[in-house]
Amino acid sequence: STGEFESDSVSQGALMLAADEADSQWHSLFAFDFAPLANEVVTSSGDWVPVGESEPRGTYSFIVVTANAFVLNVNLDTGDRLVTAGRKTVVAVEQTFFQKYGMMMFMFVFMMGTQYLSLIHI
């Protein structure tokens, strides 16, 4: 299954789930509305909505521990518990030549140009 967050807001949104990669229909597992705690950790809790009719319902607690890590705790009505810890990894994008050296080249050309213009006006 594939999941993704759908949100235009930093603190509100929904966790969407598709049954497989080819499935174009997304199902909302839960909608979240984060509230900050005293120690700068944010949390959201509410009803867990199952994907299929036969799956048990329950409640969830979604805690963002750091900017890159979270814990999702689901307590099902059957007494089962699901705990998932996740971590965001950011893949570094290789910069182009001008992204790396463009500003330095611009500064060099600007400095040489001002030196040249100061020599002309003597």
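Met105 sits in helix H1, residues 97-120. Helices here are DSSP runs (H or I) of at least four residues, strands are E runs of at least two, and both are numbered from the N terminus. This is a predicted model, where local features need pLDDT of at least 70, side-chain atom pairs count only at pLDDT 80 or more, and totals for chains, interfaces and linings use all residues. Residues are numbered from 1 along each chain as its sequence is written, and side-chain values use heavy atoms, with hydrogens and water left out.

Met105 is partly exposed, at 35% relative accessible area. Buried means under 20%, exposed over 50%, and partly exposed in between (1.4 Å probe, protein chains only).

## The whole chain

The protein chain has 1 helix and 8 strands. From the N terminus, the order is β-β-β-β-β-β-β-β-α. Of its 122 residues, 19% are buried.

Contact means heavy atoms within 4.5 Å. Take the contacts between residues at least 6 apart in sequence: 10% of them join residues at least 24 apart.

## Ser44 in strand E5

Ser44 belongs to strand E5, residues 42-48. Is Ser44 buried or exposed? Ser44 counts as buried because its relative accessibility is 4%.

Beyond its neighbours within four places in sequence, Ser44 touches Phe32, Asp33, Phe34, Tyr60, Ser61 and Phe62.
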